[in-house]
Amino acid sequence: MTAIQISNVEKRYKSLQALGGVSLSIEEGEFFGLLGPNGAGKTTLISIIAGLIRPDAGKVTIHGHDVTGDFRAARKKLGVVPQELVFDPFFTVRETLRLQSGYFGLPNNDAWIDEVMHNLDLTNKADVNMRALSGGMKRRVLVAQALVHKPPVIVLDEPTAGVDVELRQTLWKFISRLNREGHTVVLTTHYLEEAQAMCKRVAMLKSGKVVALDTMASLIRRISGSQLTVNLAAGDLPQDMRHLVTHPEQSEHGKKYSLRVNEYAEVETLLARLRESGAVIDEMQLQQADLEDIFLQIMDKGTV
Ligand SMILES: Nc1ncnc2c1ncn2[C@@H]1O[C@H](COP(=O)(O)OP(=O)(O)OP(=O)(O)O)[C@@H](O)[C@H]1O
Ligand SMILES: [Mg+2]
């Protein structure tokens, strides 16, 4: 079954086209990444999925329920961790979670609430008022709140922003478990190494449009080989090597160049060419291509 069906969604804020016709189909049980730079439209799309804002055109269904026409049924299937922290500061963690549970018509939900708090390392904060929590702890409560009604579809908008390493690992362990148990997960994050580790399929948004949609494995395969980064103490990159540069923005700040390398044997040739041209290398590094390289190339050139 399709977990989330997004068809030709458009959203405009005055003259700004936040979403320019987005279509995506996310299947039940997927771990899906929604990536894109600041302002790409990720949160706008998530707010439309959550029924918080209305699209100007297009349609979204969750497990077949239309998010505007059949809001309550759609909302029950969905748990959203919002990007912004919003709470009633006077409730404790447990009260906040019980209230949310009540909203979904689940008054006797303490066993699951306890399990969620335990898995997010919130048990010792259960009776603390929300306003007395640190930023990272508040974010954990947001995650707990989204999971309180055991929704089959979980959407996380930057769940790890400002969260320490230990909790990130705890959080990913719990979310992975839920995904293994059949929950669909949609994740937005700027930590691309997290996306690379967790998501099986990815959509990249740029200026409100889907510019890439593929499995993580085939996206990574699109950039074969590695990249050689050199920092030049003297001289400069010869003109005929400029087409190999993968991160043009780096070279604008001084003489640091990342060059695409298809095979290790090419490294020798490149270094020899640099030496011949009179360039002196200060520092160098050879790295495997990763999701970040692909992301930057897609955002820069629209393709890899
Ligand atoms: N309520 C609003 N009124 C006017 N413009 C808005 C509103 N909400 C969002 N926008 C604009 O719509 C565009 C998309 O914003 P959105 O929050 O969806 O981006 P995002 O991909 O989530 O970015 P980030 O990675 O920074 O969270 C931006 O240009 C933003 O300024
Ligand atoms: Mg956002």
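A residue is called buried when its relative accessible area is under 20%, exposed when that area is over 50%, and partly exposed in between, using a 1.4 Å probe and protein chains only. Keep this scale in mind, as it returns throughout.

This is a predicted model, in which local features need pLDDT of at least 70 and side-chain atom pairs count only at pLDDT 80 or more, while totals for chains, interfaces and linings use all residues. Residues are numbered from 1 along each chain as its sequence is written, chains are lettered from A and ligands numbered from 1 in the order in which they are written, and side-chain values use heavy atoms, with hydrogens and water left out.

Start with the whole chain. The C-alpha trace of the protein chain spans about 75 × 45 × 35 Å along its principal axes. Eleven helices and 13 strands make up its secondary structure. Helices (H or I, at least four residues) and strands (E, at least two) are DSSP runs, numbered from the N terminus. The protein chain has 304 residues, and 46% of them count as buried.

Next, the domains. Domain 1 covers 2-220 and domain 2 covers 226-288. These bounds come from an automatic or database domain assignment. The centres of domain 1 and domain 2, taken over C-alpha atoms, are 41 Å apart.

Now look at contacts, meaning heavy atoms within 4.5 Å. Take the contacts in the protein chain with a separation of 6 or more: 70% of them join residues 24 or more positions apart. K11 gives a local view. This residue lies in strand β1. K11 is buried, at a relative accessible area of 13%.

Which protein residues are donors to the magnesium ion (ligand 2)? They are T43, through OG1, and Q83, through OE1, at 1.9 to 2.2 Å from the ion. T43 sits in helix α1 (residues 42-49) and Q83 in the loop between β6 (78-81) and α3 (93-103), so the pair ties together parts that are 40 residues apart in sequence. Donors are N, O and S atoms within 2.8 Å of the metal (3.2 Å for Na, K and Ca); water is not among the atoms, so sites may look incomplete. T43 is partly exposed, with 31% relative accessibility. Q83 is also partly exposed, with a relative accessible area of 30%.

K14 has a phi near 50°, a positive value in a residue other than glycine. Its place is the loop between β1 (2-13) and β2 (16-27). Is K14 buried or exposed? K14 is exposed, at 81% relative accessible area. K150 has a positive phi too, near 45°, and is likewise a residue other than glycine. K150 lies in the loop between α5 (135-147) and β7 (153-157). With 48% relative accessibility, K150 counts as partly exposed.

Finally, turn to R222, in helix α8 (residues 216-222). R222 is partly exposed, at 35% relative accessibility. How far apart are R222 and T303 in sequence and in space? They are 81 residues apart in sequence and 9.8 Å apart in space, C-alpha to C-alpha.
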